[in-house]
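Here is a brief report on one model. It covers backbone geometry, annotated positions and the surroundings of the ligand.

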Amino acid sequence: MKTLIALEDGTIYEGRSFTGAGEAVGEIVFNTSMSGYQEVLTDPSYTGQLVTMTYPLIGNYGVNPEDMESARIHPMAFLVKEYNPIPSNFRSTQTLADFLIDHGVIGVHGFDTRALVRHIRTVGAMKCIVSTEDLDPASLVERAKSWSGLVGQDMVKRVTCTEPYGWADNKPVPGTNFATARCDADTPLKVVAFDFGLKYNQPRLLVERGCQVQVVPATTDAATVLAMNPDGIFLSNGPGDPAGVEGVVETIRTLLGKKPIFGICLGHQMLGLAYGGSTYKLKFGHRGGNQPVKDLTTGHVEITSQNHGFCVDMNSLSADEVELTHINLNDNSCEGMRHKKFPAFSVQYHPEHAPGPHDALYLFDRFIEMMRAHS
Ligand SMILES: NC(=O)CC[C@H](N)C(=O)O
């Protein structure tokens, strides 16, 4: 089915929907992972975005129930060079097209994704609309332009859980105050995880390391968290502009110094704001499984999984209080920091991988050590 892809700067591409009629508007971004499209699609951080993959053949291993990183698909549309409708993989239970259709998300293929990606890389992430219904380029460009954009919007409230849940038997189980959170360790560490758009591999890796994980909605207040008496607090990834998220920065500020804190991606950005700093939008962001990061505390370089469009401005933070611990070797941007007085550290990238390399798993071990040292 003929589909037009229109960018706010007037650029138009023509592709074909492989999921039937549909339309979607949002910010167009690209991901350079060669595999892992199911984990990308179910990452809540893509809320408000249309994702295109640089890898040219997508769909060939289908989708399966184990690789879900949340309960549903989050990007508004999925754009690929060539869709393969015949999966070949023993784990596959469904085609990618049916998966997208079940979740009401349009999939588009059959156009030059390389040209689109090179254009985004030159001009920057842009507002975009894809449609099988409105095929008038001028109208589409106007409609893309009139979308609100991500800056200043609170996207977390769209994806955070409405009720707390525990993590047990490798899945979320409704419940509060660790009542349904389980792990096999004799002396588990209790972790309260703020759900800003949490990916399932985060509680999974914490439980594997002997933690009991209680997930709470993003706007849970500090007193409620402290009343649970956790050994540590985890701040998850999440969508949109950290500066637009309401009712969270003050909570984190109150919790600072009271319990060890570990933040990932949006959680890291929220920590930066709680330290009194600011964030800014990168030109086109970092999304993929091949971003080189240097751990300045050890000198080691790791290849990391990333998905972010915003970044903490280290110049907005006092060097007496906050230390830059990790940098991106492509553009020297901040990839990690730690507080010098309080037990708190965070990274901009995704040590939980899914998809991506496993180089950064040591950060979960650092969090465990930090909690043990303070418990
Ligand atoms: N994966 C994330 O948590 C992304 C954080 C934030 N939404 C950004 O784009 O920078």
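This is a predicted model: local features need pLDDT of at least 70, side-chain atom pairs count only at pLDDT 80 or more; totals for chains, interfaces and linings use all residues.

N170 sits in the loop between strand 10 (165-168) and strand 11 (171-174). Its backbone stands out. Phi of N170 is near 60 degrees, a positive value in a residue other than glycine. Most residues other than glycine have a negative phi.

A354 counts as buried, with 23 C-beta neighbours inside 10 Å. It lies in the loop between strand 20 and helix 10.

A cis peptide bond joins A354 to P355, with omega about 0 degrees. Most peptide bonds are trans. P355 belongs to the loop between strand 20 (344-347) and helix 10 (362-374).

## Annotated active site

Which residues does UniProt list for "active site"? The unreviewed entry gives C265, H350 and E352. These residues span 88 residues in sequence, yet no two of their C-alpha atoms are more than 10.9 Å apart, so they gather at one spot.

H350 is in the loop between strand 20 and helix 10. E352 is in the loop between strand 20 and helix 10. Are they buried or exposed? H350 counts as buried, with 28 C-beta neighbours inside 10 Å. E352 counts as buried too, with 26 C-beta neighbours inside 10 Å.

Neighbours within four places in sequence are left aside here. H350 is in contact with N237, I264, C265, T304, S305, Q306, N307 and G356. One of these, C265, is itself on the UniProt "active site" list.

E352 is in contact with K199, N201, Q202, L205 and I264. I264 is in contact with H350 and with E352.

## Around the ligand

The residues around the ligand are S45, N237, G238, P239, G240, C265, L266, N307, H308, G309 and F310. C265 is among them, and UniProt lists C265 for "active site". N237 and N307 also belong to the shell, and both are in contact with H350.

Which strand gives the largest share of the shell? Strand 17 (residues 301-313) does, with 4 residues. By class, the shell has 7 polar and 4 nonpolar residues. Charged residues are absent from the shell.

Methods
Residues are numbered from 1 along each chain as its sequence is written. A residue is near a molecule or strand if its C-beta atom, placed from the backbone, lies within 6 Å of it. Helices (H or I, at least four residues) and strands (E, at least two) are DSSP runs, numbered from the N terminus. Ala, Val, Leu, Ile, Met, Phe, Trp, Tyr, Cys and Pro count as nonpolar, Asp, Glu, Lys and Arg as charged, and the others, Gly among them, as polar. A residue is buried if 20 or more other C-beta atoms lie within 10 Å of its own, exposed if 12 or fewer, and partly exposed in between; C-beta atoms are placed from the backbone. UniProt positions are given in the numbering used here, feature names are shortened, and annotations may be inferred rather than shown by experiment. Two residues are in contact if their C-beta atoms, placed from the backbone, lie within 7 Å.
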